[in-house]
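User: I have not looked at this structure before. Could you walk me through it?

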Amino acid sequence: MLDFDQAQTLLANAAGPLQRSEEVSLAEAAGRVLAADLTATVDIPPADNSAMDGYALRVADWGAGVHLPVQQRCYAGEMPEPLKPGQAIRLFTGSLIPEGADTVVMQEDTTEADGHVEISRAPAPGQHIRRRGEDTMAGAPLLAAGTVLEAAHVALIASQGLASVRVVGQLRVGILTTGDELVLPGRPRATEQIYNSNGPMLAALARGMGALPVHVLHARDTEADLQAAFKTLLADCDLVLSVGGVSVGERDLVKPALASLGGELSLWKVRMKPGKPVALAQIDGKPVVGLPGNPVSAYAVFTLLVTPLIRRMQGRDTLFPPLSQLPLRTEHPRQDSREEFLRVQRRLADDGSAELVPYGHQGSGVISSLPWATGLARLPAEVRVQDKDRVAYYDLRHWLA
Ligand code: AMP
Ligand code: MG
């Protein structure tokens, strides 16, 4: 038996970051991983400008009851004239600050009539002026390689005038389902068959992480069929995930099929529930991970053991999303010889604090528990966990992102 944390570390290190990168337009950038550090090349804002609709003037020209002639109306996107002594320039949010002006008064504190403006309140020097470079200075670090780009990052990159950005190449994932009992959704099903849910599930999980599920193949439980499918996937993908056929049953042939393709192979019984049998092979320098066939086990092993490897191959800066410690609600004390990962919902208790409520049926084949769960709660091996004990919570929104 392999310890859960050891298994997680081993898998996270099963491959290095992809060396491919590509330039994508900002419209395509969300969800991609920045390939190299970005440094600002221009000051943002590029010039002093007004934070308000109002008037630019010199503080020294203000006095109670004074009427200043309005020299110019300068809209955002226009060049202001230099401000003449004793005058004011009408400005709008984003208008450039005229040379000579040292303050902006907001229009709510003014009355304009007959080409003159009266200002009811004494202005403070520099007020309502957004200074050149106060947001970002040219030369400052902008974003670090490994950042997963979201709308906020795209805004920052666009503000620098960049129309495209260099990102890590999209991780190509090959998926292989196995089992003579399985039939593809959409096809007629015989009594002894079940629908293949792991194939579509794994493709969706890979896509949800910004990877590209290039092929979803199915192999019958023969060594030859498995071997041929693995070859196809290895030729075309960076990472191969197979599901099922890794236990100790007579028809569990993933291990011999992988062994016959050469390379290093480890088969572990990971001390986790659901889960347990997990295979890792290195073939032609590419990692192949064999997941357990039970849908819930496949989902949990993917979430906990495969996503850190995917994030690493994608060049991301964070492999392990942060965990929180939350009280678990349980009617009876729980204890197991393996680490147990319960499907739970994070809810708010009556006093507003968060707690974890487990799904009623924790069987490793219970697919209906998956859309219900918001996360997984980790119950340590050999520890008696009682109602309201705090346990580690793996939030699926973060772990599957
Ligand atoms: P195995 O590890 O191949 O013995 O599979 C364990 C259990 O998971 C069996 O009940 C299989 O029928 C089921 N299973 C395996 N692969 C899939 C799949 N792709 N979709 C749904 N169930 C599966
Ligand atoms: Mg099977």
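Predicted model: local features only at pLDDT ≥ 70, side-chain atom pairs only at ≥ 80, totals over all residues.

User: What is the radius of gyration of the protein chain?
Analyst: The protein chain has a radius of gyration of 30 Å, whereas a compact globule of 401 residues would have one near 21 Å. Along the principal axes, the C-alpha atoms fill a box of roughly 95 × 50 × 40 Å.

User: How many of the residues count as buried?
Analyst: Of the 401 residues, 48% count as buried. The accessible surface of the chain is about 18,800 Å², and carbon and sulfur atoms account for 51% of that surface.

User: What about contacts between residues at least 6 apart in sequence?
Analyst: Among those contacts in the protein chain, 70% join residues at least 24 apart.

User: And the charges: how many positive and negative side chains are there?
Analyst: There are 38 positive and 46 negative side chains, and the centres of the two sets lie 7 Å apart.

User: Turning to helix H6, where does it bend?
Analyst: H6, which covers residues 295-313, bends by about 50° at valine 306. A proline, proline 308, follows within four residues.

User: Why is H6 described as largely enclosed by the rest of the structure?
Analyst: The reason is burial: 18 of its 19 residues are buried, so H6 is largely enclosed by the rest of the structure. After H6 comes glycine 315, whose phi is positive, near 80°.

User: Changing topic, which residues does a cis peptide bond join?
Analyst: One such bond joins isoleucine 44 and proline 45, with omega about -10°. Proline 45 lies in the loop between strand S2 (38-39) and strand S3 (49-50). The bond from lysine 273 to proline 274 is also cis, with omega near 0°. Proline 274 sits in the loop between strand S19 (272-273) and strand S20 (277-283).

User: Then which residue has a positive phi although it is not a glycine?
Analyst: Aspartate 284 is one of them, with a phi of about 50°. Aspartate 284 is placed in the loop between S20 and strand S21 (286-291). Glutamate 382 also has a positive phi, of about 65°, and is found in the loop between strand S25 (375-379) and strand S26 (390-395).

User: Is aspartate 284 buried or exposed?
Analyst: Aspartate 284 counts as exposed because its relative accessibility is 69%, and exposed means over 50%.

Notes: Residues numbered from 1 in each chain as written. Chains lettered and ligands numbered in written order. Heavy atoms only, no water. Rg over C-alpha atoms; globule rule 2.2 N^0.38 Å. Buried < 20%, exposed > 50% of the residue type's maximum accessible area, 1.4 Å probe, protein only. Contact = heavy atoms within 4.5 Å. Areas by Shrake-Rupley, 256 points an atom, 1.4 Å probe, with all protein chains shown as cover. Lys, Arg positive; Asp, Glu negative; His and termini not counted. Charge placed at Lys NZ, Arg CZ, Asp CG, Glu CD. Bend = angle between axes of the 7 residues up to and from the residue. Helix = DSSP H or I, 4+ residues; strand = E, 2+ residues; numbered from the N terminus.
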